[in-house]
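Visitor: I would like to go through this model with you, beginning with the charged side chains. Could you show it first?

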Amino acid sequence: MVQPSPYTPGAVARETPGRNQQLAQINERLELMSSLGRLVPRIRVDHGPRGVGKTSLLRQAEQRALAKDAATIWVTAGESAGLVPAIADGAERMVRRWPKRLRERVTDALSTLELKVSGGVPGVASIEAAWSAPGASRRARGATRQFEDLVVATVESARERRFSGLVLLVDEVQAADPASLRTISYAWQHFQSERRMLPVALFAAGLPESVTLINQAVSNSERFAYRQLKDLAPDAVALALATPARELGVGWSAAAIDAAVRYAAGYPHTVQLIGENAWRHAGFPNPGAVIKREHVDAAAADAEEDLRELFTARLSKVTRQGELDIVLAMAALGDGPVRRSAVAAAIGKTSDALGVPRGRLIGAGIISDTSHGYLEFTVPGFAAFVRETHDIAAPAD
């Protein structure tokens with residue numbers, strides 16, 4: 001008998017060690033909604049580069065909402081003609097098998113939203129078509145009240161089905177269309193002043209540029225609460241490795257944990273990679289077995305191959321010379337955070353001149369803006385890969 005790996009590189013993690021603060025804040029908002037029947041007044045947006053566990057955190061929010069008997073609608077932005085039509089489609093699917101009276105309350109609101117947007121035949125498909133048609137932005141702004149009616153109807157029907165409230169969950173929010181973002185933000189503004197006892201919440205996750213894109217789309221961005229997801233602390237990495245194994249009766253030696261924590265350098269995707277490969281080199285261990293240092297050393301070589309593929313894919317996105325100049329300068333300056341002013345000096349530009357290419361690199365998930373004027377690569381080890389690929393000398397210690 002062998003035990004499959006409990007680690008999930010490239011997939012949604014079952015647990016989110018190191019995110020206790022975020023989960024506590026989410027739980028507090030869900031408690032406000034479910035126990036007190038109140039509106040969660042601000043739309044929470046957790047943002048960070050790929051691989052830091054945004055979707056896993058959002059799935060944890062979904063699980064906690066379900067545990068509080070809330071109805072949930074999950075949407076991935078960018079998969080349809082617009083975010084609002086996707087939410088409408090989710091509401092329609094959710095109530096499809098509910099009693100006719102409750103179902104009709106929601107479908108009537110759907111019809112009103114569609115007619116407001118396009119004046120056409122009711123139906124989610126035609127909402128999507130109208131939302132993406134020329135002039136849709138103007139019509140979408142005019143449909144805010146009808147979108148509010150849809151949310152209210154869905155909440156009221158859910159309450160009659162003995163749900164505690166409604167939670168909307170939006171992944172990849174950076175891909176949302178501006179018209180939908182405006183409609184949702186104005187709807188929440190109206191809810192704050194007119195429907196504080198409406199038990200509904202919206203949680204979203206996206207890449208770092210989500211903040212800029214939302215702020216550009218809406219004038220009342222204070223309705224959004226932005227929270228940055230960073231790499232994990234060493235203790236959280238150790239828990240992320242040890243806990244799934246312990247649940248299957250398998251241990252990690254202290255030396256193995258220490259080596260894996262150092263290798264992962266806090267990056268959640270690398271944590272899962274080293275965990276899965278160590279599990280495999282330990283022979284898919286049965287209860288009572290221990291993952292040892294030699295398993296981690298062998299796993300690191302395999303993880304390195306996976307990471308090189310990731311690095312190659314990331315570097316292939318750097319197609320403009322200005323962006324490549326920044327990447328090469330950062331790699332030459334070192335492996336950790338580097339001063340933005342030092343990068344600018346290395347390529348003979350002012351810090352202000354880095355703005356546009358820096359923004360593109362952040363949007364591509366290659367670098368992140370840290371506090372106090374520093375830049376860093378989002379994946380540990382990427383600087384060394386760039387130096388190797390472009391034959392750049394390592395910085396002196």
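**Salt bridges and cores**

Guide: Glutamate 31 counts as partly exposed, at 35% relative accessibility (buried is under 20% relative accessible area, exposed over 50%, partly exposed in between; 1.4 Å probe, protein chains only). This is a predicted model, in which local features need pLDDT of at least 70 and side-chain atom pairs pLDDT 80 or more, while totals for chains, interfaces and linings use all residues. Residues are numbered from 1 along each chain as its sequence is written, and side-chain values use heavy atoms, without hydrogens and water.

Visitor: Which side chain does glutamate 31 meet in a salt bridge?

Guide: Its partner is lysine 68, at 2.7 Å, N to O (a salt bridge is a Lys or Arg side-chain nitrogen within 4 Å of an Asp or Glu carboxyl oxygen). The two are 37 residues apart: glutamate 31 is in helix α1, lysine 68 in the loop between α2 and β2 (DSSP runs numbered from the N terminus: helices H or I, at least four residues; strands E, at least two).

Visitor: How many salt bridges does the structure hold?

Guide: There are 20. Among them, glutamate 194 meets arginine 145 at 2.9 Å, N to O; this pair joins helix α8 to helix α7.

Visitor: Changing topic, which residues touch the most others in the largest nonpolar core?

Guide: Val167, Leu241, Trp252, Val327, Phe377 and Phe382, out of 72 residues (a core is a set of buried Ala, Val, Leu, Ile, Met, Phe, Trp, Tyr and Cys residues joined through side-chain atoms within 4.5 Å). Helix α13 gives the most to this core, with eight residues.
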